[in-house]
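Please keep the structure in view while going through the numbered points.

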Amino acid sequence: MKTNENSDSMSAGRLPLSGMRVIELTHAWAGPLCGMMLADMGAEVIKVESPAQKTEARGGSPYTGGESVIFMMTHRNKKSVTLDVKSPRGKEIFFDLVRTADALIQNMRPGALKKMGLSYEDLKKINPRLIYTSVSGYGRTGPDANRAGVDQVAIAATGLAATTMGDSVDTPVALGTPVCDYMAAMWACQGTLCAYIARGATGEGQKVDASLLEAGLSLMIGPIAMHFHNPSYTGYQTWINGPSEFILAGDNRYVSVFASYPALWDRFIEAIQVPELTDEPKFKSRDGRTKNVKELRAVLRKIFSEKPATHWVKLLSEAGVPVSLVNTIGEAIDNPQVNALGMLKEQNHPTAGPIHVLGVPVTLSETPGTIRTPAPLLGEHTFEVLSSVGLKDSELQDLIKQRVISTAQMPEAMTNADQLKGKVA
């Protein structure tokens with residue numbers, strides 16, 4: 001894998017969200033991902049954690065150097081403050097921090113923060129300009145609003161799992177990555193930024209709600225359209241377009257092909273040069289190909305079995321037909337196109353050492369987001385952040401003794417430059 005010593009942090013100019021302070025009370029995926037998106041664009045994102053937080057509670061497998069790699073990948077560019085918000089003094093300090101914040105992100109179980117006196121209604125009294133973003137499993141209202149929700153369950157509840165079933169597949173297939181979490185994070189981030197812009201006009205904050213259920217449903221435009229207007233549709237995604245397929249080639253590698261649109265179909269059949277497809281009335285129109293997709297699929301499987309996957313990828317790509325080998329993870333990240341876009345970076349963490357993180361997947365021409373600092377150690381920025389709300393060093397030392405806060409010590413061998421050093425893969 002090629003690396004480039006140029007780091008985002010070394011070339012970063014003004015970031016689009018510079019000056020925005022965000023408090024993060026999150027766990028799992030959706031909340032941290034929302035905070036990461038804001039942090040990548042320059043917001044000061046402060047993750048508030050318990051002084052007694054355990055390593056496994058910060059993130060799951062895999063681990064390296066005693067740290068969760070998932071946590072490190074989703075918490076770059078953030079700060080960590082440890083604070084016992086359940087203690088009277090800890091809650092007072094938290095309120096002081098809220099007074100300085102533009103936004104707060106939380107994805108705790110519904111009702112948990114309300115019991116602690118940290119609901120939107122509570123914090124709005126302290127800071128009327130606060131944008132309070134909540135990500136839940138099932139949304140702000142309705143009979144399931146108070147149910148706990150996770151991505152695996154949301155995929156089932158939204159019908160996404162049903163889109164993996166059909167033909168001979170009668171068991172739903174796990175999607176392999178938490179898509180509802182990702183989408184909920186994106187909607188929560190968009191909602192937070194919309195509220196931030198609106199506050200510039202009104203001077204008032206507001207509550208922003210996103211959920212895994214709503215996020216998953218937002219991906220279901222095609223299946224829902226088919227549900228209402230095609231009675232034979234049962235959820236299998238390739239019934240919408242034909243061909244839109246994973247086809248097994250002669251070397252037992254799968255190829256992904258999309259040639260449903262009329263212009264693409266013409267290029268496709270010209271490239272593969274199969275007369276029975278060119279002349280068959282059933283396949284002349286897009287609607288015909290969709291209606292007879294099972295028969296079309298059988299024909300294509302026979303054709304593709306005669307050559308290796310790379311043959312079909314080269315042939316169809318040169319013909320202008322959307323096509324790809326079904327890559328392994330290794331093949332995907334070693335793709336020269338991924339390298340050209342800078343979507344994989346190497347970053348030095350103070351205790352875990354070098355890890356790979358994903359790049360920022362949206363580019364602004366004048367104020368692009370950057371990856372500047374590694375995920376924080378537990379309590380790494382406690383003194384820095386709490387000093388900014390008026391606490392003196394002597395008081396901070398007393399709070400450590402009272403176990404209201406804690407702080408992490410940076411390894412002496414790890415300099416600031418080392419932390420920021422990144423490599424574009």
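1. A nonpolar core is a set of buried Ala, Val, Leu, Ile, Met, Phe, Trp, Tyr and Cys residues joined through side-chain atoms within 4.5 Å. Buried means under 20% relative accessible area, exposed over 50%, and partly exposed in between (1.4 Å probe, protein chains only). The structure discussed here is a predicted model, in which local features need pLDDT of at least 70, side-chain atom pairs count only at pLDDT 80 or more, and totals for chains, interfaces and linings use all residues. Residues are numbered from 1 along each chain as its sequence is written, and side-chain values use heavy atoms, with hydrogens and water left out.

2. The largest nonpolar core has 41 residues, of which Val22, Leu38 and Ala43 touch the most other members. Helix α9 (residues 179-202) gives this core its largest share, 7 residues. A second, separate core has 28 residues, including Val98, Val385, Leu386 and Ile405. In soluble globular proteins, nonpolar side chains tend to be buried together. Helices (H or I, at least four residues) and strands (E, at least two) are DSSP runs, numbered from the N terminus.

3. Which residues does Val22 contact, leaving aside its neighbours within four places in sequence? They are Leu38, Ala43, Glu44, Val45, Ile46, Ala103 and Ile105, where contact means heavy atoms within 4.5 Å.

4. Thr192 belongs to helix α9. With a relative accessible area of 0%, Thr192 is buried. Not counting residues up to four places away in sequence, Thr192 touches Met20, Leu38, Ala103, Ile131, Thr133 and Val208.

5. A search of the whole structure for disulfides (pairs of cysteine sulfur atoms within 2.5 Å) finds 0. A disulfide is a covalent bond between the sulfur atoms of two cysteines. Cys180 counts as buried because its relative accessibility is 0%, and Cys189 counts as buried at 9%.

6. The second largest pocket has a volume of about 590 Å³. Of the 28 residues that line this pocket, Thr26, His27, Val48, Gln53 and Met108 are the closest to its centre. At least two lining residues each come from β2 (44-49), α3 (55-58), α4 (69-74) and α6 (112-115). By class, the lining comprises 15 nonpolar, 8 polar and 5 charged residues. Here Ala, Val, Leu, Ile, Met, Phe, Trp, Tyr, Cys and Pro count as nonpolar, Asp, Glu, Lys and Arg as charged, and the others, Gly among them, as polar. On a 1 Å grid over the protein atoms alone, a pocket is an open set of points with protein on both sides within 12 Å along at least five of seven lines, whereas a cavity is a set where a 1.4 Å probe fits but cannot get out; lining residues have an atom within 4 Å of a point. Grid points are joined across faces, edges and corners, and a volume is the space filled by probe spheres set on the points.

7. The structure holds 2 cavities of 30 Å³ or more. The second largest cavity, with a volume of about 30 Å³, is lined by Gly137, Tyr138, Gly149, Val150, Val153, Ala154 and Leu212. This lining has 5 nonpolar, 2 polar and no charged residues.

8. Met72 lies in helix α4 and counts as buried, at 1% relative accessibility. Beyond its neighbours within four places in sequence, Met72 is in contact with Thr64, Glu67, His349, Ala352, Ile355, Val357 and Ala375.

9. Some backbone details also deserve attention. A cis peptide bond, with omega of about 5 degrees, joins Ser61 and Pro62; Pro62 is placed in the loop between α3 and β3 (63-64). Asn77, a residue other than glycine, has a positive phi near 70 degrees. The loop between α4 and β5 (78-82) holds Asn77.

10. Is Gln273 buried or exposed? At 65% relative accessibility, Gln273 counts as exposed, whereas Asn77 is buried at 7%. Gln273 is not a glycine, yet has a positive phi of about 55 degrees. Gln273 is found in the loop between α12 (262-272) and α13 (275-279).
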